[in-house]
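Opening the notebook on a new chain.

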Amino acid sequence: MFHRPIARHRLFFAIRLPFPLARQITEAAAWFDGPAQKLRPEHLHVTIDILDDHDRVSTALERDLKAIGDAVEAAPFALQFDTAVGSERSIALRPRHKNASLAALHQRIAVARESAGLSQRKGYRFSPHMTLGYRDGAPFTQAIAPICWTADAFVLVQSHVGRTRHDVIGRWLLNGDDDRQLTLF
């Protein structure tokens with residue numbers, strides 16, 4: 001008897017870049033042997049926080065995650081990725097320098113998630129990057145022309161694992177105050 005595999009759902013908070021920029025990045029990514037190895041532009045993102053995979057997403061879990069998004073306040077901030085890093089199985093863009101605003105957004109989401117009694121994915125460690133695709137190849141690190149944009153929102157994504165489908169189930173504008181802004185006078 002044939003059994004269908006159980007559908008897996010991966011939930012994560014992320015920053016998505018503007019679609020025209022995502023399309024430019026995927027078109028310019030020359031490290032891949034073919035287009036099938038690259039992620040589609042609409043899947044490019046920077047993961048902020050991620051939960052373990054689930055067999056199904058309950059209404060209660062979705063409600064709790066949306067409440068976490070509602071509770072987080074942060075100001076828009078600039079992101080810059082200036083290094084391409086290839087492992088034996090993937091290629092990602094990474095920033096050369098830490099981004100305090102991105103780290104603070106991660107911390108705010110993580111604290112709200114923990115307060116809601118939800119755990120992050122086992123083994124997850126926040127390390128800002130944007131995966132471009134998957135391949136088999138030798139590791140490398142290469143400086144690239146900086147890719148910059150202003151993050152003005154974050155999203156809650158439900159990824160249907162193995163089905164190349166991402167559903168955005170929540171979106172929040174970054175329009176709060178940033179306590180760390182410098183005054184000029």
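**Overall fold**

Reading along the sequence, I get the pattern β-α-β-α-β-β-α-β-β-β-β. My labels are DSSP runs numbered from the N terminus: helices are H or I with at least four residues, strands are E with at least two. The radius of gyration comes to 17 Å, close to the 16 Å that the globule rule gives for 185 residues, so the chain is as compact as a globular protein of that length. (That radius is taken over C-alpha atoms, and the rule is 2.2 Å times the number of residues to the power 0.38.)

Housekeeping: this is a predicted model, so local features need pLDDT of at least 70 and side-chain atom pairs count only at pLDDT 80 or more, while totals for chains, interfaces and linings use all residues. Residues are numbered from 1 along each chain as its sequence is written, and side-chain values use heavy atoms, with hydrogens and water left out.

I looked up the C-alpha box along the principal axes: roughly 65 × 45 × 30 Å. Of the 185 residues, 43% count as buried. Buried here is under 20% relative accessible area, exposed is over 50%, and partly exposed is in between (1.4 Å probe, protein chains only). For contacts (heavy atoms within 4.5 Å) between residues at least 6 apart in sequence, 79% join residues at least 24 apart.

**The sheet**

Four strands make an open sheet, ordered β2-β1-β7-β8, with antiparallel pairing. β2 and β8 are the edge strands, each pairing on one side only. The twist averages 35° from one strand to the next. Pairing takes at least two DSSP bridges between two strands. Angles run from 0 to 180 degrees between N-to-C directions, with axes as lines fitted to C-alpha atoms, for helices over the stretch in contact.

I then went to β7. Six bridges join β1 to β7, and Leu11 has Gln158 in β7 as its bridge partner. Towards β8 I find eight bridges from β7; Ser159 stands opposite His166 there, and His160 has Arg165 in β8 as its partner.

How many of the residues of β7 are buried? Eight of its eight. Ala153, Val155, Val157 and Ser159 point one way, Phe154, Leu156, Gln158 and His160 the other.

α3 lies across β1, β2 and β7, at about 35° to β2. α2 lies across β1, β7 and β8, at about 40° to β8.

Which residues of α2 are buried? Leu61, Leu65, Ile68 and Gly69. They cover an arc of only 100° around the axis, which puts them on the same side of α2; the arc is that of the directions from the helix axis to the C-beta atoms. Those buried residues pack against β1, α3, β7 and β8. The face turned away carries the exposed Thr59, Arg63, Asp70 and Ala71.

I checked the α2 length too: at 1.5 Å a residue its 13 residues should span 18 Å, and the end C-alpha atoms are 18 Å apart, which agrees. The expected span is 1.5 Å times one less than the number of residues.

Arg56 sits in the loop between β2 and α2. Buried or exposed? Arg56 is exposed, at a relative accessible area of 59%. Its C-alpha is 35 Å from that of Trp31, 25 residues apart along the chain.
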